[in-house]
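Please read them beside the model.

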Amino acid sequence: MLNEFNLFYYNCYLYYLSYRINNIKTIKDITHIIQNISFFNNNVSSDTIITILTDCFKKYPLSEENTRVISILQQNYESSHNKEDYCCFILWISIIYSININDKLLL
């Protein structure tokens, strides 16, 4: 019973993340998403954040338009070497990884 509740909670959280990711307009939106993930998961590492984001993209894939917006943000903040760069990079590699995984599933 407890395990089912945790799974339900996790799926609801993935849906919430998907909603937030689909409404990204600025770099601050990306940093807030990453901060939200680290707030709800104790002792979070980059690997954990990427796993959560990849699970989200597997369940709720991004549209091309949303991927394009995030790509442009990633290119703009690529060499800034600060928190925005880190957050955008983590989100971007999660998107790329999920696209590669989904392509392998289609083959």
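The points below take the cysteines, then the helices.

1. Basis. This is a predicted model, in which local features need pLDDT of at least 70 and side-chain atom pairs count only at pLDDT 80 or more, while totals for chains, interfaces and linings use all residues. Residues are numbered from 1 along each chain as its sequence is written, and side-chain values use heavy atoms, with hydrogens and water left out.

2. Cysteines. The whole structure holds zero disulfides (a disulfide being a pair of cysteine sulfur atoms within 2.5 Å). Cys87 is in no disulfide either, the nearest cysteine sulfur being that of Cys88 at 8.4 Å.

3. Exposure of these cysteines. Cys12 is partly exposed, at 37% relative accessible area, whereas Cys87 is buried, at 3%. Buried is under 20% relative accessible area, exposed over 50%, and partly exposed in between (1.4 Å probe, protein chains only).

4. Helix 4. Helices are DSSP runs of H or I, at least four residues, numbered from the N terminus. Helix 4 covers residues 64-76; its 13 residues should span 18 Å at 1.5 Å a residue, and its end C-alpha atoms are 18 Å apart, which agrees. The expected span is 1.5 Å times one less than the number of residues.

5. Faces of helix 4. Asn66, Thr67, Ile70, Ser71, Leu73 and Gln74 are buried. Seen down the axis, the buried residues of helix 4 fall within an arc of 165°, so they line one face; the arc is taken from the directions from the helix axis to the C-beta atoms. Glu64, Glu65, Gln75 and Asn76 are exposed on the other side of helix 4.

Methods: Helix = DSSP H or I, 4+ residues; strand = E, 2+ residues; numbered from the N terminus.
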